[in-house]
Amino acid sequence: MVVRPYNDELKYLEKVSDHCWRIKKGFQPNMNVEGCFYVNSRLERLMLEELKNSCRPGAVGGFLPGVKQIANVAALPGIVGRSIGLPDIHSGYGFAIGNMAAFDMDDPLSVVSPGGVGFDINCGVRLLRTNLYEKDVQPVKEQLAQSLFDHIPVGVGSKGIIPMNARDLEEALEMGMDWSLREGYVWAEDKEHCEEYGRMLNADPAKVSMRAKKRGLPQLGTLGAGNHYAEIQVVDEIYDKWSASKMGIEEKGQVVVMIHSGSRGFGHQVATDALVQMEKAMKRDKIETNDRQLACARINSVEGQDYLKAMAAAANFAWVNRSSMTFLTRQAFAKMFNTTPDDLDMHVIYDVSHNIAKVENHIVDGKERKLLVHRKGSTRAFPPHHPLIPVDYQLTGQPVLVGGTMGTCSYVLTGTEQGMHETFGSTCHGAGRALSRAKSRRNLDYKEVLDKLDQMGIAIRVASPKLVMEEAPESYKDVTDVVDTCHAAGISKKCIKMRPIAVIKG
Amino acid sequence: MLKLKLEALGHPTPNDVALSNRKEFASTILWVEDQKIRLYTIEDREKLRNIDNPTMWEEGYMKYCADLNMPPLETQQEQLSWILSHAVRLEFLDDPAQFASINSKQDPTQSNGKQAHQKVQSIFDGKINVQDKAFVDGVRLLATKLDVPHHPNHLLQLEAVARVVHERLSPAAKGRQPILGTPFPFDTGNDVVSSNDPALDLPMRILRLLQIQSLRQLQTHINETIVAVQNITANPKTDTKLGKVGF
């Protein structure tokens with residue numbers, strides 16, 4: 001890594017508009033394209049401070065600052081357009097979380113990188129609507145939170161309550177949500193309202209190690225730990241009435257359920273296995289990167305293809321996982337209100353993926369090209385009339401579900417034409433970490449965090465309360481800042497804001 | 001749309017054709033006949049040439065419309081539009097090779113026409129000659145009765161008629177419940193159509209809505225099929241004994 005004084009570093013950065021910065025070539029060695037990032041004034045300060053800290057003499061270890069990571073990604077072979085940082089960006093393994101990059105499928109040198117997908121493959125958010133209102137749920141929210149907690153196993157090492165054997169798992173990995181449909185855990189309409197229709201067709205369970213399958217099997221249908229949660233939320237604000245009504249959200253106070261989860265230990269193992277393979281492939285094919293964490297392999301190499309197939313299987317795992325939790329949530333609600341999920345109108349509004357690489361067609365320099373789009377901590381946000389979004393959202397644009405942090409609000413945005421041009425149809429995914437987990441544990445007290453939620457009138461059930469401060473709102477950037485930046489930059493449009501009334505956490 | 005057609009025909013002032021003015025309308029008709037259609041010999045165009053003598057011109061125009069086989073169209077705009085389309089078609093047929101690079105493979109009217117032809121032929125099992133004049137007249141009459149706009153290819157028009165009958169007049173359509181729900185204003189949606197040409201905006205929005213409607217039907221069929229299969233395969237189970245909340 002090049003080490004320069006902070007003021008010299010700044011010469012490579014240029015503010016091109018109120019919400020967008022350009023990272024010029026030369027900021028890191030061998031950049032093939034430029035980088036850029038989207039911020040508002042507050043996020044900008046965080047971003048530059050992080051860079052400044054890393055420029056202090058003697059600063060070693062830990063993750064590179066987000067800006068540097070964006071620039072390192074811009075140096076990967078085959079990248080097209082720009083390496084893009086979204087407003088919720090923070091340092092991660094190889095790629096920053098909140099970094100998206102697209103690689104040309106027709107360039108034989110192009111690479112796929114597990115670091116560009118992340119360890120929690122197809123971590124994502126699903127939003128269920130109900131026809132209940134806050135007044136129906138407030139009086140019973142403690143019981144409802146308990147009921148959800150009883151139905152959905154949470155926490156590190158939790159085990160699911162949907163019986164599965166090894167053969168079921170193989171089928172689920174190949175079929176994704178089609179498996180859940182076949183077994184009757186979800187509704188046909190759920191599949192319709194899911195990115196990729198809940199199934200990646202190139203999944204190949206044979207490319208997944210036994211170890212990953214062993215880790216994954218008991219965990220299917222569990223929420224997991226870390227930043228994952230299930231929340232009962234109420235609609236707090238509607239910015240775009242027509243788009244909201246297309247999603248079945250009519251008025252303020254309507255109750256929705258948000259499920260944020262991923263592929264658990266399964267995806268983690270798939271990523272770990274791939275990284276080992278890729279280091280070998282890099283040596284063989286003489287691929288050089290600026291950062292060892294950016295392990296990658298040519299898309300067309302055996303390692304690259306094997307990873308894409310295993311990643312697709314992990315993505316399918318995550319969809320089955322969220323589908324199983326959808327089933328359990330519907331059961332919990334139906335029991336509580338003594339009715340059926342149908343009568344509660346508990347439809348899936350949408351299901352988005354945060355950590356995934358997909359083959360998509362985009363217009364680059366006026367020509368249509370087939371790209372492998374890596375989105376890590378970034379949500380796909382396709383504009384109205386895009387053929388890959390469900391027919392119900394053809395007029396509104398793809399719904400983008402942005403989960404906030406525990407106790408803060410969440411948003412639904414819609415994709416825009418401008419986002420399609422500027423960011424390959426991508427936008428933010430959440431609040432984005434501001435403090436590292438270790439730092440949060442040192443600085444915050446878990447009792448205070450829980451008390452604060454209590455004061456806000458939020459019912460909470462946690463499997464491991466002593467880790468709750470890692471996920472406290474103080475550890476994160478302000479999700480409203482993040483969403484407002486995306487809205488102001490035009491890469492997605494605000495539609496609905498929700499606030500939580502009950503939280504289930506790992 | 002008129003402007004586009006006039007441009008395509010190489011009209012000297014496509015922007016300045018004022019439709020409200022009958023005289024200007026007359027001179028445009030004359031220009032098209034003189035330059036493009038050439039249905040009459042030069043001598044026969046005499047009556048149309050009398051732009052300054054309205055009675056004489058109208059008489060000539062009536063005959064001209066009949067000779068062109070123009071369907072009964074009410075407004076001046078519709079008539080001009082039809083005549084211009086006719087002219088464009090003739091222009092194209094004069095030298096199709098010239099446009100081969102643009103639409104040789106998927107010229108919409110041609111391929112649609114062929115498809116429609118095959119479709120109709122297969123329905124009638126070859127027992128009816130669909131190019132027969134009586135058949136054509138029958139289709140045209142049906143279309144007039146149902147207010148289906150004119151199309152030069154009567155088979156495409158027949159398809160449109162069939163669609164109207166299916167959507168509005170069939171027994172199934174009559175018994176159908178009206179669609180409930182909040183209407184979505186299609187002209188104020190998030191979708192940008194074309195910012196520079198309002199004349200294209202509306203038809204494009206309408207076409208997109210039709211496309212969405214047929215997609216919705218397809219998706220509903222898919223969902224119904226899935227549900228039918230689920231009735232056989234689905235057997236969701238849970239076993240709370242397996243559950244373990246981690247720490």
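Which residues touch the most other members of the largest nonpolar core? In this predicted model, that core holds 135 residues, and the ones with the most contacts to other members are A:Leu13, A:Ile23, A:Phe37, A:Ile232 and A:Met311. Its main contributor is helix α12 of chain A (residues 302-337), which gives 16 residues. A closer look at A:Phe37 shows contacts with A:Leu13, A:His19, A:Cys20, A:Trp21, A:Ile23, A:Met47, A:Val67, A:Ile70 and A:Gly85, leaving aside residues up to four places away in sequence. Another core, of 28 residues, lies apart from the largest one and includes A:Val235, A:Val256, A:Met469 and A:Val503.

Turning to chain B, helix α1 (residues 2-9) packs against helix α5 (residues 76-94) at an angle of about 35 degrees, and their axes are 10 Å apart. The crossing is left-handed. On the α1(B) side, B:Leu2, B:Lys5, B:Leu6 and B:Leu9 take part, meeting residues of α5(B) that include B:Leu80, B:Leu84 and B:Val88. The residues of this contact comprise 7 nonpolar, 3 polar and 1 charged.

In one of them, A:Tyr93 and A:Phe119 have ring centres 5.4 Å apart and planes at 75 degrees, so the pair is edge-to-face. These two residues are 26 residues apart and sit in separate loops of chain A. A:Tyr93 is partly exposed at 27% relative accessibility, and A:Phe119 is partly exposed at 25%.

The rings of B:Tyr40 and B:Tyr64 are also paired edge-to-face, with planes at 70 degrees. Here B:Tyr40 is buried at 12% relative accessible area, and B:Tyr64 is buried at 0%. Finally, A:Trp179, A:Tyr185 and A:Phe327 form one aromatic cluster.

Note on methods
Residues numbered from 1 in each chain as written. Chains lettered and ligands numbered in written order. Predicted model: local features only at pLDDT ≥ 70, side-chain atom pairs only at ≥ 80, totals over all residues. Heavy atoms only, no water. Core = buried A, V, L, I, M, F, W, Y, C linked by side-chain atoms within 4.5 Å. Buried < 20%, exposed > 50% of the residue type's maximum accessible area, 1.4 Å probe, protein only. Helix = DSSP H or I, 4+ residues; strand = E, 2+ residues; numbered from the N terminus. Contact = heavy atoms within 4.5 Å. Axes fitted to C-alpha atoms, helices over the stretch in contact; angles between N-to-C directions. Left-handed = near helix turned anticlockwise from the far one by under 90°. Nonpolar A, V, L, I, M, F, W, Y, C, P; charged D, E, K, R; others polar. Phe/Tyr/Trp six-rings, centres within 6.5 Å; stacked < 30°, edge-to-face > 60°.
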